[in-house]
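User: I have a structure open and would like to go through some of it. Can we take it piece by piece?

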Amino acid sequence: MSGDDANTVSLDAQGLSSSELNAAILETIADKVTVENTSEATYGFACGVRREIPIVAQGSIGDFAFLLGEAAAVDVEGDAGSWCGHSMASGSLVVHRSCADYFGAFATGGLIAVLGHAADRCGFRMSGADIFVRSTAGNEAGHGMCDGVMVIGNGAGKNLGYSMTGGTIYVRGDVESVAEGVRSFRMKDADTMRLSLLLARAGVKGGETREFKAYRPAKS
Amino acid sequence: MPHILDEFVLVPARLPTTGQGKSAAQSLAVRVRAAGREVGTPLGLPVLLRTTSKVATGDDWGKLCKLLSRLRIPLFSGVAEMENLDAASVPARFGGRVIDDPLLPEELKTADAFEIECYDRAADRWAWPREAVVPQGLKNFVNSVRMAGGGDVPVGLSIPSGLPSEDLETAIESTVDFLTVSEAGEALTPLTIRSISEIRKLTQIGDRQPVQIVLDVPLDGPEQIAKLIALGADIVCVDRLIAPLLERPKPSKATASGMLSGIATPASNQKSVITDVERVFDQIREDFANQLRRCGVTSVADLKRGRLRATTDAAARMAQVELL
């Protein structure tokens with residue numbers, strides 16, 4: 001463990017189990033935590049963290065990152081596994097490359113962003129978070145979603161919004177198929193505003209909102 | 001009606017004595033474990049309530065919780081059901097999560113134990129949690145929930161009795177602290193007895209951590225609890241022993257105050273449901289203590305399979321105990 005400056009603590013994941021690493025993150029008192037040598041075997045990264053602190057994984061991570069997370073700003077410089085952001089309540093999780101299935105599943109708040117591709121069932125049963133996928137999303141994006149906003153920057157796979165009961169999915173680009181009971185709506189001023197704000201939060205500058213379509217349950 | 005536990009008897013033995021010739025003190029308490037460590041307050045008895053809800057209990061909920069808190073008997077409950085109770089009335093709480101529901105921070109943070117239910121309510125059948133679909137998914141999920149709870153909240157899975165060995169191994173290898181084995185229906189069957197034996201056998205393979213077994217099965221009476229503990233359970237759910245008391249019609253306000261025309265109902269005849277529930281727990285305690293005493297055991301931990309004998313070959317094979 002070393003301090004780059006007075007306020008940042010650097011941890012080394014090498015040789016630590018996922019439990020040991022997570023305990024070290026939770027116990028660290030600092031203004032920022034950076035973790036080097038994370039890998040796909042590192043599961044549960046920063047899960048259960050509930051304080052306002054930036055935490056940076058300087059590599060890829062495995063499944064269940066930031067599960068039940070609150071308040072913290074988690075940054076993953078590589079890829080992320082499945083179920084990242086599971087039941088996240090607030091704070092932010094940003095993955096700089098791509099993520100596996102069930103990204104942002106059950107999330108109730110906060111910002112969950114992936115700057116590459118999201119695999120299947122991103123936003124599964126989420127109920128209040130904001131999810132941003134810069135590139136493509138796989139099949140059944142927004143499966144069972146009941147609230148919150150999802151933005152997909154470059155197209156989605158099959159069955160967009162499967163079993164969706166609320167919330168909005170904004171998509172730019174082609175959608176392979178839209179689930180039954182979900183349809184596209186004309187973008188209104190409120191949609192444009194919401195989309196712009198989310199793009200800004202995700203760090204996307206100059207995002208052109210006119211190219212997006214809004215998808216919601218047909219009866220909403 | 002014959003009961004499967006009638007085929008087992010606890011073998012009488014003398015109680016150990018202290019150096020001064022007095023019988024050793026008895027302890028009926030058990031502790032739940034998290035990652036192999038005993039955590040939290042000890043349970044007053046190896047029993048808990050799993051399916052008794054605020055909805056079913058109605059106005060008696062606060063009094064029931066106060067009684068359970070005093071007796072140190074936990075119950076499964078959502079955290080919202082504990083709101084508006086004063087501190088002295090809050091019993092130990094086992095929280096839980098069903099398949100395809102979110103985990104809730106306040107449910108896990110304030111729980112004394114946390115159960116991941118392997119039951120798909122939409123399909124009305126048992127199923128692994130969806131998180132198990134990825135390789136090592138169940139184990140990583142259980143460990144992530146444990147980490148999110150700070151490491152001191154025991155994490156368990158609920159499974160039905162009668163699962164094949166492969167599924168029991170999957171459950172054990174997920175490194176859960178406890179398994180809740182449940183059996184629906186009116187009567188205990190060999191499925192539960194075999195499940196307990198199989199879980200105990202599998203946890204002895206390699207360097208697996210011991211797993212506590214919580215049984216939620218049909219019970220006819222308090223006398224069966226000691227046999228289930230001896231067979232390998234750690235905690236037995238006793239909802240079915242008190243459910244009839246909670247479900248019986250309660251006196252209406254009119255009859256309670258004697259206002260029903262033509263019928264005077266003295267207030268002294270009005271029975272408190274909670275008083276009867278307390279009597280049941282007293283009976284459980286007395287019966288359990290007597291059975292331990294009779295088979296020469298002073299603590300729940302010492303009530304093991306070696307104290308049991310089977311009265312039939314089939315029972316002996318089923319439970320892997322000696323024939324009487």
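What follows is a conversation about helices, rings, cysteines and a few loop residues.

User: What kind of model is this?
Analyst: This is a predicted model.

User: OK, start with helix 2 of chain A. Which of its residues are buried?
Analyst: The buried ones are A:Asp191, A:Leu195, A:Leu198 and A:Leu199. They are on the same side of helix 2 of chain A, because they cover an arc of only 100 degrees around the axis.

User: And what is on the face turned away from the buried side of helix 2 of chain A?
Analyst: That face carries the exposed residues A:Asp189, A:Met193, A:Leu197 and A:Ala200.

User: What do the buried residues of helix 2 of chain A pack against?
Analyst: They pack against strands of chain A, among them strand 8 (127-133), strand 9 (147-152) and strand 12 (212-217). Strand 7 (111-114) and strand 10 (168-172) are also on that list.

User: How far apart are the end C-alpha atoms of helix 2 of chain A, and what should the helix span?
Analyst: The helix has 13 residues, 189-201, and at 1.5 Å a residue it should span 18 Å. Its end C-alpha atoms are 18 Å apart, which agrees.

User: Which residue with a positive phi follows helix 2 of chain A?
Analyst: A:Gly203 follows helix 2 of chain A, with phi near 80 degrees.

User: Where is a positive phi found in a residue other than glycine?
Analyst: A:Phe66 has one, near 55 degrees. A:Ser163 also has a positive phi, of about 60 degrees, and is not a glycine. Most residues other than glycine have a negative phi.

User: Where does A:Phe66 lie?
Analyst: A:Phe66 is in the loop between strand 4 and strand 5 (73-76) of chain A. A:Phe66 is buried, at 0% relative accessible area.

User: And A:Ser163, where does that lie?
Analyst: A:Ser163 is in the loop between strand 9 and strand 10 of chain A. With 43% relative accessibility, A:Ser163 counts as partly exposed.

User: Let's switch to chain B. Which residues of helix 8 of chain B are buried?
Analyst: In helix 8 of chain B, residues 239-247, they are B:Asp239, B:Leu241, B:Ile242, B:Leu245 and B:Leu246. Seen down the axis, these buried residues fall within an arc of 150 degrees, so they line one face of the helix.

User: What covers the buried residues of helix 8 of chain B?
Analyst: The cover includes strand 4 (47-48), helix 1 (54-57), strand 13 (235-237) and helix 10 (273-294), which belong to chain B.

User: New topic, rings. How many aromatic pairs are there over all chains?
Analyst: There are 9. One of them is B:Trp126 with B:Trp128, an edge-to-face pair with 4.9 Å centre to centre and 80 degrees between the planes. B:Trp126 is partly exposed at 25% relative accessible area, and B:Trp128 is partly exposed at 23%.

User: Which residues do ring pairs link into a cluster?
Analyst: The cluster contains A:Phe64, A:Trp83, A:Tyr102, A:Phe106, A:Phe124 and B:Phe141.

User: Which charged end sits over the ring of A:Phe106?
Analyst: That of B:Arg97, 5.2 Å from the ring centre. In another case, the charged end of A:Arg183 sits over the ring of A:Phe185, 4.0 Å from its centre.

User: What residues is A:Ser87 in contact with, leaving aside its neighbours within four places in sequence?
Analyst: In chain A they are A:Leu68, A:Ala105, A:Phe106 and A:Ala107, and in chain B they are B:Pro102 and B:Leu103. A:Ser87 is in the loop between strand 5 and strand 6 (92-95) of chain A, and counts as buried at 1% relative accessibility.

User: How far is A:Ser87 from A:Gly104 in sequence and in space?
Analyst: They are 17 residues apart in sequence, and their C-alpha atoms are 7.4 Å apart.

User: Last one. How many disulfides are there over all chains?
Analyst: The count is 0. For A:Cys99, the closest cysteine sulfur is that of A:Cys122, and at 6.6 Å the two are too far for a bond. A:Cys99 is buried, at 5% relative accessibility.

Note on methods: Residues numbered from 1 in each chain as written. Chains lettered and ligands numbered in written order. Predicted model: local features only at pLDDT ≥ 70, side-chain atom pairs only at ≥ 80, totals over all residues. Heavy atoms only, no water. Helix = DSSP H or I, 4+ residues; strand = E, 2+ residues; numbered from the N terminus. Expected span 1.5 Å × (residues − 1). Buried < 20%, exposed > 50% of the residue type's maximum accessible area, 1.4 Å probe, protein only. Arc of directions from axis to C-beta. Contact = heavy atoms within 4.5 Å. Phe/Tyr/Trp six-rings, centres within 6.5 Å; stacked < 30°, edge-to-face > 60°. Lys NZ or Arg CZ within 6 Å of the ring centre and 35° of its normal. Disulfide = S-S within 2.5 Å.
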